[in-house]
Amino acid sequence: MGTFRDKLVAIGACDEAVKWVGERDGATAWRECPRGDWLLWHAARVGCDRRALVRAACDCAETALMYVQEGEGRPARAIAAARAWADAPSEETREAARVAARVAVRYAASLSGYAANCAACAASYAAGAASYAAGAAGYAADAAYDAADAAYDAADAAGDAARAAGYAAWAAGDAADAAGDVARADAHADCADLVRARISWADVAVAARAAARAAAA
């Protein structure tokens, strides 16, 4: 059967997450995990309910809206469009989420410089949630682990709902600043709690078993 750590390696989890898991079993790791982006990535990777994933990603992305300049509504509209799809999946809400994601990405891509990074990230992660709802480009196996880079590459972020959980943690402060490191860790932990409120370990375990059965069929 292998350990939970072995299973993470098999599905392509990042080295940092695998190292953190150590000898923890799945339930313990889910309960103690300090990063929402790791939780979202794992839930998405094993095939948890897409609507639950979108709602959790939106919850996390909303924590970043405080960093968007006054009067700029595109990131918030992308989140709202993603939530609308989660509440009532249809071709109409799917297309609305897709359009909102594209608009938010264009906004993020138009920003440059350190002062704009927070707003760019907020738009990127809001667009990510909307894109995931829209069934857009999907997600890359390692995308959830480079949240800071998303500020400089917003277009790539649009296809990755897992990045939504990483935004607030990055935006909390400068990477070179120790106080910022603490703030980022706190924000990551807050996002992890938001994800766990939407998706339980039982949900993950059921999805993983279903995926294993499908792969073996």
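A helix here is a DSSP run of at least four residues, numbered from the N terminus. With that in hand, the overall pattern is quick to read. The model is predicted. Along the sequence, the protein chain runs α-α-α-α-α-α-α-α-α-α-α-α-α. That gives 13 helices and zero strands.

How does the chain fold back on itself? Residues 24 or more positions apart account for 66% of them. The chain has 217 residues, and buried residues make up 49% of these. The protein chain exposes about 10,000 Å². Carbon and sulfur atoms supply 53% of that area.

Now go inside. In soluble globular proteins, nonpolar side chains tend to be buried together. The largest nonpolar core in this model has 22 residues. W30, A43, C48, L53, V195, I199 and V204 have the most contacts inside this core. Helices α4, α5 (50-62), α12 (178-198) and α13 each supply at least two of its residues. Which helix gives the most to this core? Helix α4 does, with six residues.

Ten of its eleven residues are buried, so α4 is largely enclosed by the rest of the structure. The buried residues include G36, D37, W38, L39 and L40. W41, H42, A43, A44 and V46 are buried in α4 too. After the helix comes G47, whose phi is positive, near 95°. Then look at C48. Leaving out residues up to four places away in sequence, C48 touches A43, L53, I199, D203, V204 and A207.

Next, the aromatic rings. A pair of aromatic rings is described by the distance of the centres and the angle of the planes. The structure holds three aromatic pairs. Start with F4 and W201. Their ring centres are 5.7 Å apart and their planes meet at 85°, so the pair is edge-to-face. The cut-off for that label is over 60 degrees. F4 sits in helix α1 (residues 4-10) and W201 in helix α13 (residues 201-216), so the pair ties together parts that are 197 residues apart in sequence. Are these two residues buried or partly exposed? F4 is buried, with a relative accessible area of 14%. W201 is partly exposed, at 24%.

W20 and W38 form a tilted aromatic pair, 6.2 Å centre to centre and with 50° between the planes. This pair links distant parts of the chain: W20 lies in helix α2 (residues 15-21), W38 in helix α4 (residues 36-46), 18 residues apart. W20 is partly exposed, with a relative accessible area of 22%. W38 is buried, at 8%. W20 has another neighbour as well. R24 lies over the face of W20, at 4.0 Å from the ring centre.

Finally, the charged side chains. How many salt bridges does the structure hold? There are ten salt bridges. One of them joins E16 and R35, with the closest N and O atoms 3.6 Å apart. E16 is in helix α2, while R35 is in the loop between α3 (26-32) and α4, and the two are 19 residues apart. E16 is partly exposed, with a relative accessible area of 48%. R35 is buried, at 14%.

The side chains of R198 and D59 meet at 2.8 Å, N to O. R198 lies in helix α12 and D59 in helix α5, 139 residues apart. D59 is buried, with a relative accessible area of 13%. R198 is partly exposed, at 37%.

R94 and E91 meet at 4.0 Å, N to O. Both lie in helix α7 (residues 91-110), three residues apart, about one turn of the helix. R94 counts as partly exposed, at 26% relative accessibility. E91 is exposed, with a relative accessible area of 54%. Salt bridges can also share partners. In this way D59, E62, R83 and R198 are joined into one network.

Conventions. Residues numbered from 1 in each chain as written. Predicted model: local features only at pLDDT ≥ 70, side-chain atom pairs only at ≥ 80, totals over all residues. Heavy atoms only, no water. Buried < 20%, exposed > 50% of the residue type's maximum accessible area, 1.4 Å probe, protein only. Contact = heavy atoms within 4.5 Å. Areas by Shrake-Rupley, 256 points an atom, 1.4 Å probe, with all protein chains shown as cover. Phe/Tyr/Trp six-rings, centres within 6.5 Å; stacked < 30°, edge-to-face > 60°. Lys NZ or Arg CZ within 6 Å of the ring centre and 35° of its normal. Core = buried A, V, L, I, M, F, W, Y, C linked by side-chain atoms within 4.5 Å.
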